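This report describes selected features of the structure shown below.

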Amino acid sequence: MSADIPTIAEASRAIAAKKLSPVELTKACLDRVHKFEDRLHAFVLLTEERALAEAKAAEAAIMAGGPTGPLHGIPIGMKDIVDVKGLPTTCQSKILQDNIAASDATCMTKLAEAGIVLVGKTTTHEFADGGPSFDLPKPPARNPWNTDHFTAGSSSGTGAGVAAGLFLGGIGTDTGGSIRGPAALCGIAGIKPTYGLVSRAGVAPAAFSLDHIGPMAWTAEDCALMLQALAGHDPRDPASASRPIPITRKRWAPASRVCGSA
């Protein structure tokens, strides 16, 4: 598939310059979802109506007063072990199909405050553990570069979705390689943050001493922009670090990328 979806940094600059509409960007991502999802299985749940509504709200706010930051109006995917209020958190398990989140995970709250557009909940291994299985509610995600191949996991849907241009960035979790593996096999960037930098509150646990929440996107620059929004102390997470967060540079240079075919 030819990637005509920009990086977060590219889109952010274009949106700020009013050369790119968040609605047009979101529709372009959704067009790719409709074109490729039946082969990629990146989503457990597509939130198309919500995404379009959030994109319209972001566009209106940006036209009125400019973007609040580099993530304002950017389409994002959320791994399905992360709570999003009112949506199922299934952990890709049959036993949690009716598990509706009562509140947002802290990472979701922070991204919402940054103005992101939620495209959907992305595929994972069951309870973010083990490997791909074909007897779960949804099929395992496939690698966009070659759909006969594996994405690694467990942040498999986020890796596939970013690589295929279904959204510009997404949340992964890493206990034993679940951000780093899909980033490597899908040819994108991913950051396993320093322990305690990003709150894990509202995310299904795997191993308390090893769990990390982090960004996945096309470039390290994009991951840094997401990490800036995600980082910070959270009393809901007892391991959350209470210390100042370094500020990334305010200006970012153009980034380019290549996407293969599926």
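## The sheet

What is the order of the six strands in the open sheet? The order is β1-β3-β2-β4-β6-β5, and the pairing is mixed. The edge strands, β1 (43-46) and β5, each pair on one side only. Helices (H or I, at least four residues) and strands (E, at least two) are DSSP runs, numbered from the N terminus; two strands pair if DSSP finds at least two bridges between them.

This is a predicted model, in which local features need pLDDT of at least 70 and side-chain atom pairs count only at pLDDT 80 or more, while totals for chains, interfaces and linings use all residues. Residues are numbered from 1 along each chain as its sequence is written, and side-chain values use heavy atoms, with hydrogens and water left out.

## Strand β6 and its partners

Strands of a sheet pair through backbone hydrogen bonds, either parallel or antiparallel. β6 runs antiparallel to β4, to which it is joined by six bridges. With β5, the antiparallel pairing extends over two bridges. Ala217 of β6 is the bridge partner of Gly169 and also stands opposite Ala189.

β6 is largely enclosed by the rest of the structure, because six of its six residues are buried (under 20% relative accessible area; exposed is over 50%, partly exposed in between, with a 1.4 Å probe and protein chains only). In a regular strand the side chains alternate between the two faces of the sheet. In β6, His212, Gly214 and Met216 are buried on one side, and Ile213, Pro215 and Ala217 are buried on the other.

## His212

His212 lies in strand β6 and counts as buried because its relative accessibility is 8%. Its side chain reaches the backbone oxygen of Leu210 at 2.7 Å. Beyond its neighbours within four places in sequence, His212 is in contact (heavy atoms within 4.5 Å) with Gly172, Thr173, Asp174, Lys192, Pro193, Thr194, Tyr195 and Arg200.

## Helix α7

Helix α7 spans residues 220-230, and its buried residues are Glu221, Asp222, Cys223, Leu225, Met226, Leu227 and Leu230. These buried residues pack against elements including α1 (8-16), α4 (106-113) and β2 (75-79). Just after α7, Gly232 adopts a positive phi of about 145 degrees.

Gly131 is found in the loop between β3 (117-122) and α5 (156-163). Its relative accessible area is 36%, so Gly131 is partly exposed. Gly131 and Cys107 are separated by 24 residues in sequence and by 25 Å in space, C-alpha to C-alpha.

A cavity is a set of points, on a 1 Å grid over the protein atoms alone, where a 1.4 Å probe fits but cannot get out; lining residues have an atom within 4 Å of a point. Grid points are joined across faces, edges and corners, and a volume is the space filled by probe spheres set on the points. By this rule there are two cavities of 30 Å³ or more. The largest cavity has a volume of about 40 Å³, and its lining includes Gln92, His125, Pro132, Ser133 and Lys138.

Key: Polar contact = N/O pair within 3.5 Å; in protein donor to acceptor, adjacent residues only side chain to side chain. 1 Å grid on protein atoms, 1.4 Å probe; cavity = no way out; pocket = protein on both sides within 12 Å on 5 of 7 lines; lining within 4 Å.
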